[in-house]
Amino acid sequence: ALGQVLTRAAEIPLALAEAGADVACLAAEAADRGAPDRRGDAITAALLAEAAARAAANLVAVNLTVTPDDERLLRAEAVTSVASAAAREALRSVPT
């Protein structure tokens, strides 16, 4: 029973981490291709989405008392990497 509860406790933050990574990617795209006067908003969205993905991935780790090679933990780390890359991409969209 406890295992099922912990599994469920990790599923929701994992879905949030995945959504955060998706939003970060979309925001990076908007920063790169969108209206220049909205670039700052898109960059901010990418950075906030990255932070949300990281926070949610941390909850996955906290809610799972399993080995470091657990598939859900690895997935959370992977989507966090995607969100981080998207945030960096958004920041690079600023003309120098």
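A: What follows is a close look at helix H2 and its two packing partners.

The model is predicted. Start with the setting. The protein has three helices and zero strands. From the N terminus on, its elements run α-α-α. The C-alpha trace spans about 55 × 20 × 15 Å along its principal axes. Of the 96 residues, 33% are buried. Take the contacts between residues at least 6 apart in sequence: 73% of them join residues at least 24 apart.

Helix H1 covers residues 2-33, and H2 covers residues 39-63. The two pack at an angle of about 160°. Their axes are 7 Å apart. An angle over 145 degrees counts as roughly antiparallel, and H1 and H2 are therefore roughly antiparallel to each other. H1 passes H2 in a left-handed crossing. The contact of H1 with H2 contains 24 nonpolar residues, two polar ones and three charged ones.

H1 itself has 32 residues. From its first C-alpha to its last it reaches 47 Å, close to the 46 Å expected at 1.5 Å a residue. Which residues of H1 are buried? They are Ala10, Pro13, Leu14, Ala17, Gly20, Ala21, Ala24, Ala27, Ala28 and Ala31. These buried residues pack against H2 and also against helix H3, residues 71-92.

Between H1 and H2 lies a loop, and aspartate 37 sits in it. Aspartate 37 has 58% relative accessibility, so it counts as exposed. Glutamine 4 is 33 residues away from aspartate 37 along the chain, and their C-alpha atoms are separated by 48 Å.

The axes of H2 and H3 come within 9 Å and cross at roughly 165°. This pair is also past the 145-degree cut-off, and H2 and H3 are therefore roughly antiparallel to each other. Their crossing is left-handed. On the H2 side, the contact is made by Ile43, Ala46, Leu47, Glu50, Ala53, Arg54, Ala57, Val60 and Ala61. On the H3 side, it is made by Arg72, Leu73, Ala76, Thr80, Ala83, Ser84, Ala87, Ala90 and Leu91. By class, the residues of this contact divide into 13 nonpolar, two polar and three charged.

Glutamate 50 lies in helix H2. Is glutamate 50 buried or exposed? Its relative accessibility is 15%, so glutamate 50 counts as buried; the cut-off for buried is under 20%. What is glutamate 50 in contact with, leaving aside its neighbours within four places in sequence? The list is Ala24, Ala83, Ser84 and Ala87. Ala24 is one of the buried residues of H1. Ala83, Ser84 and Ala87 are among the H3 residues in the contact with H2.

Glutamate 77 lies in helix H3. Its relative accessible area is 44%, so glutamate 77 is partly exposed. Valine 5 is 72 residues from glutamate 77 along the chain, and their C-alpha atoms are separated by 21 Å.

To gather the picture: H2 is roughly antiparallel to H1 and roughly antiparallel to H3. The crossing with H1 is left-handed, and the crossing with H3 is left-handed.

Note on methods
Residues numbered from 1 in each chain as written. Predicted model: local features only at pLDDT ≥ 70, side-chain atom pairs only at ≥ 80, totals over all residues. Heavy atoms only, no water. Axes fitted to C-alpha atoms, helices over the stretch in contact; angles between N-to-C directions. Helix = DSSP H or I, 4+ residues; strand = E, 2+ residues; numbered from the N terminus. Parallel < 35°, antiparallel > 145°, perpendicular 65-115°, else oblique. Left-handed = near helix turned anticlockwise from the far one by under 90°. Nonpolar A, V, L, I, M, F, W, Y, C, P; charged D, E, K, R; others polar. Expected span 1.5 Å × (residues − 1). Buried < 20%, exposed > 50% of the residue type's maximum accessible area, 1.4 Å probe, protein only. Contact = heavy atoms within 4.5 Å.
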